[in-house]
Amino acid sequence: MIWNKEMECADRDTMRALQLKRLKKTVKHVYDNVSPYRKKMDESGVRPEDINTLDDIRKLPFTTKEDLAENYPTGLFAMPMHDIVRIHASSGTTGKPKIVGYTQNDLAMWGECVARSLTMAGADKDSVVHVSYGYGLFTGGLGAHIGAETIGATVIPMSSGNTQKQITFLQDMKSTVLCCTPSYALTIAEGVAKAGIRPEDLALKAGVFGAEPWTQAMRDKIETGLGIKAHDIYGLSEVMGPGVSTSCDENNGMHIQEDYFYVEIINPDTLEPVADGEKGELVITTIAKEGMPLVRYRTRDICYLMREKCACGRTTVRMSRVFGRTDDMLIIRGVNVFPSQVETVIAKFDKELTMNYKLYVGREHNTDTFELAVELAEGLAIDDIRFVEALKGKVEHALRDMLGIGCKVRLLNEGTLPRSEGKAVRVEDTRKL
């Protein structure tokens, strides 16, 4: 199903013409109404009338999370507060949250984006959408909520936590679509199995999962554990929230809502564009937001773009899954390490290990230490010393092959590590303390 065929299936000339029109309007909007943007553009020697083609976007300066921190709380708002009807926020690197303001039109746009996303997952007005993202300043819960209401579905605003109650509602309300983080979906699947509930006894058909990077191996476990088709959804609070892009049934990248977002992929070191299919940092320009438009916002997320038409019929450009973040990358003994690489190794031992793990990075005697704590699969015991030592050796060898450095492995009984009810915290790096 396709929610908005006119936009989602538009030919390239039509889409690019609309993007240019909206880009020019956005650039003028921020130049006229946001003094930090006007200052940066003046310093770069570019004015709104210099934007005559989509390629001219490269003349514009980047926006970074540091810009949001420096202009906290509302210095990047482009509309007066009496036109701002909603505030959301996400955590910031300086201790101050990143504040985002939405006008009524912004909320309508957000609802449209998430309506398209849920429709990609098969939702319609007869669906029961179970939202287990957190509600509040975090955009996940209310983002999924507004999209479900836009398509006329029944919404269950569960928020996160209290997994047993979640499962009760999934059963009793016959929920058909689950929205949450992938790590919490695993927690729910684990609870379903422990309760002796078969996936086929649930009414669930699809899941829409985002807010953190996840691997194909996690997708496979979620789909098997809950008996659903799992879909990626991407977004970030600064840009809008969930719904910037979503995967369709083809599971071959996430369709970007190009009529609202213009995307680029750059080399994070040189800041130059990279070719389609090449990994780099995703840069997003909002081309229809009123309250807080962002121009060339460096997301720090690593992915690549695909422009060929999808078999689902949509023509919008697709982004790959997010492989990690440039600011989440760990440099251990001079080697670049992403948590997703570790997760890929764990998934190879799916009969022996669960996906519940945590990485510990520290420093002793001026040397980095690196340890993986991961749980054994249900039914396996930590006191089987011969088995545990052999498994540790295999996992450590696989990690060295994948990462190029050694990683000490600590195996734990199933259920030892805390379960995630939102974004999973996978890394504890005490070198930064």
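# Close-up views, legend by legend

View 1. V361 finds its bridge partner in D429, a residue of β21. Strand β18 (residues 353-364) runs parallel to β21 where the two pair, over 3 bridges. Here strands (E, at least two residues) and helices (H or I, at least four residues) are DSSP runs numbered from the N terminus, and two strands pair if DSSP finds at least two bridges between them. This is a predicted model, in which local features need pLDDT of at least 70 and side-chain atom pairs count only at pLDDT 80 or more, while totals for chains, interfaces and linings use all residues. Residues are numbered from 1 along each chain as its sequence is written, and side-chain values use heavy atoms, with hydrogens and water left out.

**View 2. Helix α8, mostly covered.** Residues 182-194 form this helix of 13 residues, which reaches 18 Å from its first C-alpha to its last, close to the 18 Å expected at 1.5 Å a residue. That expected span is 1.5 Å times one less than the number of residues. In α8, 11 of the 13 residues are buried (under 20% relative accessible area; exposed is over 50%, and partly exposed lies in between, with a 1.4 Å probe and protein chains only). Look for P182, Y184, L186 and I188 among the buried residues of α8. Their cover includes α7 (163-172), β5 (177-180), β6 (206-209), α9 (216-226) and β18. After α8 comes G196, whose phi is positive, near 75°.

**View 3. F261 in the largest nonpolar core.** This core has 69 residues, and those with the most contacts inside it are L118, Y234, F261, I284 and M319. Helix α5 (residues 104-120) gives the most to this core, with 7 residues. A nonpolar core is a set of buried Ala, Val, Leu, Ile, Met, Phe, Trp, Tyr and Cys residues joined through side-chain atoms within 4.5 Å. Beyond its neighbours within four places in sequence, F261 is in contact (heavy atoms within 4.5 Å) with residues including M109, C113, V239 and I284. Another core lies apart from this one, with 48 residues, among them L186, A217, L226 and V345.

**View 4. H255 in strand β9.** With a relative accessible area of 0%, H255 is buried. Its side chain makes a polar contact with the side chain of T316 (3.1 Å). A polar contact is a pair of N or O atoms within 3.5 Å; within protein, one must be able to donate a hydrogen and the other to accept it, and residues adjacent in sequence count only if both atoms are side-chain atoms.

View 5. N162 is not a glycine, yet has a positive phi of about 55°, and at 47% relative accessibility N162 counts as partly exposed. R296, also not a glycine, has a positive phi of about 50°, but at 4% relative accessibility R296 counts as buried.
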